[in-house]
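Please read it alongside the sequence and the coordinates shown here.

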Amino acid sequence: MQMSAHDLRNPDEAAEPADPARHISHDCAGLNFYDLDRGLRSLLGLYLSRADRETLEPHFHRLGALAGGRLDQLARIADKHAPVLNPRDAYGRDEDWIDYHPAYREMEAIAFGDFQFHAMSHRAGVLGMDRPLPAVAKYVFQYLFVQSEFGLMCPISVTDTSTHLIRKFGSDELKAYLLPKMLSDDMASLWKGTQFMTERAGGSDVGAIETVARRDGDVWRLTGDKWFCSHADADVALMLARPEGAPAGTKGLALFALPRRLKNGRRNSYRIVRLKDKLGTKSMASGEIRLDNAVAYLVGDPTAGLKQMMEQVNLSRLSHGVRAAAMMRRCVNEAVVSATSRTAFGQRVMDFPLLRRQLMKLIVPTEQALSMMLVAAHAMDEANAGSAQARDLLRILTPLLKYRACRDNIPVATGAMEVRGGNGYIEEWVQPRLVRDAHVGVLWEGTSNINALDIITRAVGKSGAHKALAAVLHARLAEAKALPAPFRQRLGTALDRAIAFAAQVAADRGAEHAARLAASALYHAASAITLAWEGCQAEVDARRLLLSRFVLEHRLTAKDPLAPSDDAWERDAIALVLGERPVTVAQAAELLAA
């Protein structure tokens, strides 16, 4: 019998104890989140120019390594050490300030100092670019960052979007005052931005806002309470208030910029009353603000405040969709690593058929959100270049992504926690934070009801943006030559029915109750066709064709839940999707026709 090293060990030596960690499934710590993301890497060639990709890919790779490494470590620490409000100084003066853990400050240095998220859309010189980054690139950076840290993305995003509003609507004097500070690459002089909109009387009902603005020479004075203010200690906040004598409702609201410190360096006359003890996003300070004759500056037309502010809201909604896509990706990565690194009942957890099917329930919405985020960002780039069709497309894609991706994030986060099992419920692991943070997406920048109504009653009913969506998607179907004809026809029929259903609900004042169903149908039809078109492109793995069929079968096709189903195609498709080898169009097309 052959002897082993164990048999040759000195019998006097004490046996080394077995490592208890051998029974615990692994997590994603230390992995590069960009390298892991096969879907993202293959799609960049479709949505970014070759030159931009060549310039930015080293930075995507670098941020991917940070997201799985140092940034992930910092995010875990910051989540456990929430900000602390100091309402007064030692002399009793109302010099309120917020203390943050050093881990949060280091994350700020990565985001604002190293990658300059706040400036990349607004000026040249960021990450070696000779012009502002395209929207696709900006949102890819957000997507990679949020896979580790969600809370800080709020200050990052609102600084970016506040800069957009001031650049577009501010007077020359206001731009000269604020923009150099808000676009600075020096952390010591940078002014970070935010938006304060929610009041006790006015959340979704913005027209009920009670904050009053009084003209005082060249400035305005604001008095009132803001009830939910994320990034509570920002250097400049955009907010809505009602000038004295202005009419009630949304027509009477104007947009103002509120600096934290006045030009003479003194603290402005508003106070952070308290910080919110939130379910999630614990690293970032959200609070209540009391305005007491605070100095503010009018931004743009005083009769168009809400219209102007909605540009920031819509930009934030798109960012929230990107954040949901990012968190779902982290959930999928954690679930796959956990399932492949643990054994139970004598085999890998990943090899159990039921687990593999449950993983697909996490993967499909994650890939849908990735595709829809890239399509929306690309539409933004084309709209910025002057395309009217792209502008209409962006009008409907933004709330669609915000509505559906943020909703999908919640079951995906819960499902990933379940894959890890009991450890997924323990705060030492990332899953509890992912579950907690997932829920904010259906609250910030409009609840699911608000976004569904925006899609159906306004984007469809008033703007007719569904027509641009239908035109673009039918063109995509025509371009996807590799699709089997019956499958192409099924996708086209699903799109036509979703468009017709949305138009019908928009036209019928008594059909508001169906707005969410109609919005979901539009999202699923659009993502199924986008996935199919992407999967037909030479540089993209044809897995996306199979994902398209999963969307079509499970989100757009009626089924009897009690009837046996012939799901042989699904088992073969799951094997290809979860496998390591690239999937060819021929392999996928065979299963599309099955």
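Helix 9 is mostly covered, with 30 of its 36 residues buried, where buried means under 20% relative accessible area (1.4 Å probe, protein chains only). This is a predicted model in which local features need pLDDT of at least 70 and side-chain atom pairs count only at pLDDT 80 or more, while totals for chains, interfaces and linings use all residues. Residues are numbered from 1 along each chain as its sequence is written, and side-chain values use heavy atoms, with hydrogens and water left out.

Helices are DSSP runs (H or I, at least four residues) numbered from the N terminus, and the expected span of a helix is 1.5 Å times one less than its number of residues.

| Helix | Residues | Expected span | C-alpha span, end to end |
|---|---|---|---|
| Helix 9 | 305-340 (36 residues) | 52 Å | 53 Å |

In helix 15 the buried residues include Phe487, Leu491, Leu495, Ile499 and Val505. The buried residues of helix 15 pack against helix 13, helix 14, helix 16, helix 17 and helix 19, contact being heavy atoms within 4.5 Å.

The second largest pocket has a volume of about 640 Å³. Of the 25 residues that line this pocket, the closest to its centre are Leu36, Arg38, Val336, Val577 and Glu580; a pocket is an open set of points on a 1 Å grid over the protein atoms alone, where a 1.4 Å probe fits, with protein on both sides within 12 Å along at least five of seven lines, and lining residues have an atom within 4 Å of a point. Helix 9 gives the most to the lining of the second largest pocket, with 6 residues.

Note on methods: Buried means under 20% relative accessible area, exposed over 50%, partly exposed in between (1.4 Å probe, protein chains only). Helices (H or I, at least four residues) and strands (E, at least two) are DSSP runs, numbered from the N terminus. Grid points are joined across faces, edges and corners, and a volume is the space filled by probe spheres set on the points.
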